[in-house]
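Please look through the sequence and the 3D view below before reading on. The report that follows takes up a few parts of the structure in turn.

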Amino acid sequence: MPFRTVWQVFVCGAFECGVGWFRNPNDAFRFSGKDRHVKKHGNGEPLVDSSQDYVLLLGYENQTHTVLRFKRKLDTCDVAYDVPITNDTMRVIYMYHSKEPHGAFYTPGSLPDPAEAFKQARSLFLTQRINQAPLKPDAHLRTMELLNQDVKLPQGDGTLHWCKMFKLNDINRKHHLIRYEPVFDSSTSASYVYHMILHECQGSSPELEIMSRKNGCPCYLADKSILTCNSIVAAWTRGSEGFSFPSQVGYPLESNQARFYLMETHYSLTANEYSRPSKPKAMVDNSGLRLFYTSSLRGQDAGVLSVGMDPNWRHIIPPGQEHVVSEGHCVGECTQRAFPHDGVHIFAVMMRTHQIGRQIKLRQIRHREELLPIAHDRNTDWNYQEYRRLSAPVRVLPGDRLIAECIYDSSARTAITLGGLTTREETCLVLALYYPRQKELTTCHSLPSLPTVINSLGINELVPGSNPVRIASPPELSGMTLETRLISYDWRNNFRSFQYVTRRGSFKPLCWSAKNQPMPGTENLEGFAPNITKSYKLIRSCSFVGSTNVANVFYQNRNRYVTESETAVRVDDGDDDDDDDDIDSNNVIEGAARSKVSRSSVTESMGLSGGPATFRPLGAVPKMFAFLLFIIFLNSFRIAGAATVTRPARDPLIPQ
């Protein structure tokens, strides 16, 4: 059957589209050259833009793929119908159909009905190239797999945190970890594994030795008092392909320094706005991580610093609110004690919330001045939270304060959401990859103080020693349990006061070392919001000069986490502005999206067959047939009914 292809592009409530197809396999590719849009509340018919901003570079088909390559500026300055493609998480939706346009294809009614097309979706960092760059030839490169052993998957909506200890005996001198990637036991396992975090354990003990000989246990059963495993080595989350360190940086591995490693695996069935997989019968999982390490040492040792809210019930998110702000502080007293005189350089970040998280920002405060945010995502997807590379490392000096700021939308919930480890609970964490590594500070969190929590609920005093906890004053609440107050509180009328108290009240700084102990001198710290007297200025792009849509404002003067094709860390802080006269300098999307999606297709066909994951050439991918194709970029706007971006070779919904 001849191939026929049509594509469209959608950005934040407006389609931007061009149309092209093959009448037969030998026909030249047809492209209308029309940039179109669809009104958010219209009938779905693409309308031709007055400003034409998309340029088709090529189109071709072979036995496995239909390829459309195009470019556009990240910011087209088409205020009416285009939205800039930013560093935010972008939702990409594509659709395909067996029919081609008819008649004058730029006239209304000529295109096939999008409602009848097959849809799939994926979230991407469109301005970032893939994290898994090809490895350079290295005779000293070795691999190892750290795998779980027959972990029984949770049933239904259950969540499981599984901890397994590994002992590494054969790395008897220093190596650098330069890359890691997930290894899935099966496609079912892949839908359950939410994140995998590998921790380095300090020292050696009989308890660690015993744990390393077992298949693992639920993390809550592990004796935390003996676990000195508070340094993160590798962090993988759902949607990620893994991470390759920049060419001058590696994470140090050495059995003489750290022999035991704890892998924490969070199992939770995939659930998102697009699709939900069928619930399988009870089964076990043997997924894990594949590590690539070398004795050819790099110039810098990397470390991971966790910044944010400590997972705890004191992190309260009221129900029925569209904009709830939570802040986790890494206070200056902790960085002052831990960081070297010249500071550390952050080169990548992973920003994490759960289901109702909408925005995450990593703020940097120096003295009383707030610097430009190190990273900011205004459109997070809890099913896609992998490491973002910064275009240039950001230096953090001793005494600087880092703040993980998260914004939640709880408007669809009728009950409060508390901080915790399950996906129904919430989190606000930023994992910062940096160099040079230091072990004095690995976890830098905060937690609202108990006085702040009870004051935010209109409570003056609790009954000492009461169980369940009861309220002593004010008189009108006397005798009520704290739990009842949380459930029955009038959040609608008291939300503003609650938000003010939680953000301006006291909190407990938690500054923990690699040995899972508080840093000396930080045990009794009390923290408050910083008194900022000077801040950065937002520079608006051409699309938003005079715009009142604050959500569309983004930082144009310093793009913190757009990457180049070269993954090396640039230590200098020189001016990296692109040449405005070169149109290609503003078009990294095509390569990023194309490489990311095609790699994902190959990766998923490689590692989900039920056997061990092995590398296969592109030709090993099952044959794929493309018919009508829509490519959609979604930002702050959602479309129901889409699934994932990877399409099967033949789908029963598509006429063959």
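## Cysteines in pairs

With a relative accessibility of 0%, C406 counts as buried, because buried is the word for residues under 20% relative accessible area. The model discussed here is a predicted one, and in it C406 forms a disulfide with C428, the S to S distance being 2.0 Å. This pair links distant parts of the chain, since C406 belongs to strand β32 (residues 401-408) and C428 to strand β34 (residues 428-435), 22 residues apart. C428 likewise has a relative accessibility of 0% and so counts as buried. The torsion about the S-S bond of C406 and C428 is about 90 degrees, and the disulfide is therefore right-handed.

In total, the structure holds 5 disulfides. A disulfide is a covalent bond between the sulfur atoms of two cysteines. Another of these bonds joins C330 to C444, with 2.1 Å from S to S. Because C330 lies in strand β26 (residues 324-330) while C444 lies in strand β35 (residues 443-448), this pair ties together parts that are 114 residues apart in sequence. Both C330 and C444 are buried, and the torsion about their S-S bond is about 85 degrees, so this disulfide is right-handed.

## A link between a helix and a strand

A further disulfide connects C334 with C511, where the S to S distance is 1.7 Å. Here the partners sit in two kinds of element: C334 lies in helix α3 (residues 332-338) and C511 in strand β38 (residues 507-512), so the pair ties together parts that are 177 residues apart in sequence. The torsion about the S-S bond of C334 and C511 is about 70 degrees, which makes the disulfide right-handed. C334 is buried, with a relative accessible area of 0%, and C511 is buried too, with a relative accessible area of 2%.

Beyond strand β38, in the loop between β38 and α7 (589-607), lies P520. At 62% relative accessibility, P520 counts as exposed, because exposed residues are those over 50%. The C-alpha atom of P520 is separated by 8.9 Å from that of R337, although the two residues are 183 residues apart along the chain.

## Nonpolar cores

In soluble globular proteins, nonpolar side chains tend to be buried together. In this model, the largest nonpolar core has 50 residues, and those with the most contacts inside it are V349 and L441. Leaving aside residues up to four places away in sequence, V349 touches L362, A375, E386, Y387, R388, L390, V430, L431 and A432.

Is R91 buried or exposed? R91, which lies in strand β9 (residues 90-96), has a relative accessibility of 1% and so counts as buried. The side chain of R91 makes a polar contact with the side chain of N379 at 3.2 Å, and the side chain of R91 also reaches the backbone oxygen of T380 at 3.1 Å.

S191 is found in helix α1 (residues 187-192) and is buried as well, with a relative accessible area of 15%. A polar atom of the side chain of S191 lies 2.7 Å from the backbone oxygen of T188.

Key. Residues numbered from 1 in each chain as written. Predicted model: local features only at pLDDT ≥ 70, side-chain atom pairs only at ≥ 80, totals over all residues. Heavy atoms only, no water. Disulfide = S-S within 2.5 Å. Helix = DSSP H or I, 4+ residues; strand = E, 2+ residues; numbered from the N terminus. Buried < 20%, exposed > 50% of the residue type's maximum accessible area, 1.4 Å probe, protein only. Core = buried A, V, L, I, M, F, W, Y, C linked by side-chain atoms within 4.5 Å. Contact = heavy atoms within 4.5 Å. Polar contact = N/O pair within 3.5 Å; in protein donor to acceptor, adjacent residues only side chain to side chain.
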